[in-house]
Amino acid sequence: MHAFTTHTGIVAPLDRANVDTDAIIPKQYLKSIKRSGFGPNAFDDWRYLTPGEPGMNHGQRAKNPDFVLNQSPYDQATILLARQNFGCGSSREHAVWALTDFGFRVVIAPSFADIFFNNSFKTGLLPIALPEDSVDELFREVAAHTGYQLTIDLASQKIIKPDGSAIEFSVDAFRKQCLIEGADDIDLTLKHAADITAYEAQRQQTAPWLFLDKRA
Amino acid sequence: MAGKTLFDKIFDAHIVREQADGTVLLYIDRHLVHEVTSPQAFEGLRMANRKPWRVGAMLAVPDHNVPTTNRLRGIDDLVSREQVETLDRNCAEFGVQEFAMNDKRQGIVHVIGPEEGFTLPGTTIVCGDSHTSTHGAFGALAFGIGTSEVEHVMATQTLLQKRAKTMQVRVDGQLGVGVTAKDVVLAIIGKIGTAGGTGYAVEFAGSAIESLSVEGRMSVCNMAIEGGARAGMVAVDEKTIEYFRGRPFAPQGELFEQAAAEWRTLTSDLDAVFDKVVVLDAAEIAPQVSWGTSPEMVVPVSATVPDPANEPDAVKADGMRKALVYMGLTANTPIEQIQIDKVFIGSCTNARIEDLRAAAAVIGNGKVAANVTLAMVVPGSGLVREQAEKEGLDKIFLNAGFEWREPGCSMCLAMNADRLEPGERCASTSNRNFEGRQGQGGRTHLVSPAMAAAAAIAGHFVDVRQL
């Protein structure tokens, strides 16, 4: 996993609520068996004027000039600003892979859907939930200043604005540590393999029907 | 001390260890696997030279990409075919049991889990699929996960979890004739909103939920995620227990009785306290039709398309306007005047035998309306299809002009060849009406199987209670 410590980048405003994972990466691209290469198809239906299929040369497809990520300087953005319930819908981690492959490292919104929120940390994308009025204010500031940038400092849990003022944000302590270290969850868990084995042995006594492991 | 909720009982029984900050290593009893969200996880195991922790706790099935016609000739779409073949190869390599595409037991992962008795009460169940919440209908804690977590469960049989907050959604009273489980859950989502359940495990309770069949409860729990809740659940009762008797993966004989005694304890204690309680009156729930691009955009069939001008919240009103444009609808249009082009009866929400019976009962000797270019029924599994054929339901559908297909996810998300063309409007028994969900530019209206069948015959939405 990519480690995350501090990040500075351009903020792209995506002014919609309930941005679902079908919108972030449409289903036809989920046929890939890889973890990479989803960036050109992030927000595919909004980004292009023609329908897309896997294997196309997406660089040659006509882009929708009205879509924010097709506009300079937002095509270089690494921080996405959105509205409530970002990432709702399907569990597809491909949505996170599409955002990171596009270049995003941070998503700021008033709220996130649970599975998307969880998936983000696994790929080093930092989701930051801020109160609605802070998000409103960021939308106003982005609109007022071309190329508006923010700096995210995970260690101090601060978003630093261009004028030097800061917004604090909260993040789960364990997840923060994993992000900063770029830790592999599976390695961490396997340090407790003996506990898992002990749990199974005890559970097998109290609920043997869960361990039939039958092949029908 | 207050009693425990059903969620807490199951969660507590699966704690392997707990960190000081409350992060729990949670044991996972059952891991369902499909072709879309597993290839990168299997690849991760290979790269790290790891083996699955407990291969017998896994069951795999291809469902999203499989064709629903001419299956014996294979999959035409090469990319889809590669994904399905990758699942076959991974299962063979790692020793995971799979119901392959042409196995009679193949079907939608959330239909076959319970059907086989792989799903059991009191278990923790995960799958790389958000509709895993379906299995909560049996008093299980079931939720969708992403591919990194799929790999984590494969490698360790556990997940790192924080305890969810608990919400009880109580539906009291008696449902009207023609009002189904699907209408109940759409009405719930309409009330709490698409993010209303975020952070919660939702237990559905009350006399209307108790009176539902287990299959109806599955439809309700299936769409918990559309209300933002990763897990939906219903307490165990005798209907739950009887459902599992004789299922292939369920315990048999004396072990079944031993398990059943344990399962009967899987209810929230009477003095359990929920973090939030929402109450609906069953008698007030009418057949529902979604009009927009989020499942919370739903109204009774007798209503009109809502007007954003009446919405005080600016962000919401903006979302409504965008939805009306996408859906090609005008505010204040009566729902019953909306004409449809296609009908889809299927998906993990509504493709079980009772759903097909309900649709067939509405169709009777009717014929699909001339303006409906395609009406299709996609059973949830090979066994559902077989049962329906035994009952002669396929004849009713075919006689009416429906297509009778082979099992899979099909046009719920259009990863296979079944899809809407731009601008086409569909009455669908599936779970999501997002933009492009059923095909780019396609317009989805979520309804119950009975309402979809009625719309197919009429060519527009009609109140199934008035037929």
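Visitor: In E2(B), what is the bridge partner of B:Glu18?
Guide: In E2(B), B:Glu18 has B:Val24 as its bridge partner. E1(B) and E2(B) run antiparallel and are joined by three bridges. Strands here are DSSP runs of E with at least two residues, helices are runs of H or I with at least four, and both are numbered from the N terminus. Two strands pair if DSSP finds at least two bridges between them.

Visitor: Before I go on, what should I know about the model and the numbering?
Guide: This is a predicted model, in which local features need pLDDT of at least 70 and side-chain atom pairs count only at pLDDT 80 or more, while totals for chains, interfaces and linings use all residues. Residues are numbered from 1 along each chain as its sequence is written, chains are lettered from A and ligands numbered from 1 in the order in which they are written, and side-chain values use heavy atoms, with hydrogens and water left out.

Visitor: Thanks! Back to the hairpin of E1(B) and E2(B): which residue takes a positive phi?
Guide: B:Gly22 does, with phi near 90°, and the hairpin has five residues between its strands.

Visitor: What sheet order do those strands belong to?
Guide: They are in an open, antiparallel sheet of three strands, ordered E1-E2-E8 in chain B. Strand E1 (15-18) and strand E8 (158-161) are at the edges with a single partner strand each, so one side of each has no neighbour in the sheet. From one strand to the next the twist averages 20°. Angles run from 0 to 180 degrees between N-to-C directions, and axes are lines fitted to C-alpha atoms, for helices over the stretch in contact.

Visitor: And how many bridges hold E2 to E8 in chain B?
Guide: Four bridges, in the antiparallel sense, with E2(B) covering residues 24-27. One bridge takes B:Tyr27 to B:Thr158 in E8(B).

Visitor: What about the sheet with E11, E10, E9 and E12 of chain B: is the pairing parallel or antiparallel?
Guide: The pairing is parallel, in an open sheet of four strands. Strand E11 (231-233) and strand E12 (276-281) are the edge strands, each pairing on one side only. Here, too, the twist averages 20° from one strand to the next. Strand E10 (residues 200-205) pairs with E11(B) over three bridges, and B:Ala201 has B:Ala231 as its bridge partner in E11(B).

Visitor: Switching to helices, at what angle do H2(B) and H3(B) pack?
Guide: About 40°, with the axes of H2 (residues 39-47) and H3 (residues 78-94) 10 Å apart. Their crossing is left-handed: the near helix is turned anticlockwise from the far one by less than a right angle, whereas clockwise would be right-handed. Among the residues that meet are B:Phe42 and B:Leu45 in H2(B) and B:Leu87 and B:Phe94 in H3(B); contact means heavy atoms within 4.5 Å. By class there are five nonpolar, three polar and two charged residues. Nonpolar covers Ala, Val, Leu, Ile, Met, Phe, Trp, Tyr, Cys and Pro, charged covers Asp, Glu, Lys and Arg, and the others, Gly among them, are polar.

Visitor: Now H12(B) and H15(B): left-handed or right-handed?
Guide: H12(B) passes H15(B) in a right-handed crossing. The axes of H12 (residues 353-363) and H15 (residues 449-458) come within 8 Å and cross at roughly 35°. The contact has nine nonpolar residues, no polar ones and one charged; B:Ala358, B:Ala359, B:Ala453 and B:Ala454 are among those that meet.

Visitor: How many residues does each chain bring to the contact of A and B?
Guide: Chain B brings 86 residues and chain A brings 59. The buried area is about 6,000 Å², with 54% from carbon and sulfur atoms; that is the accessible area (1.4 Å probe) that the two parts lose on being put together, summed over both. B:Gln40, B:Trp53 and B:Gln440 supply 10% of the area that chain B buries against chain A, more than any other three residues.

Visitor: How many salt bridges cross the interface?
Guide: The rule finds 11, taking a side-chain nitrogen of Lys or Arg within 4 Å of a carboxyl oxygen of Asp or Glu. One of them joins A:Lys122 to B:Glu149, with the closest N and O atoms 3.8 Å apart.

Visitor: Last one: which peptide bond is cis?
Guide: The bond from A:Ser72 to A:Pro73 is cis, with omega near 0°. A:Pro73 is in the loop between helix H2 (44-47) and strand E2 (79-82) of chain A.
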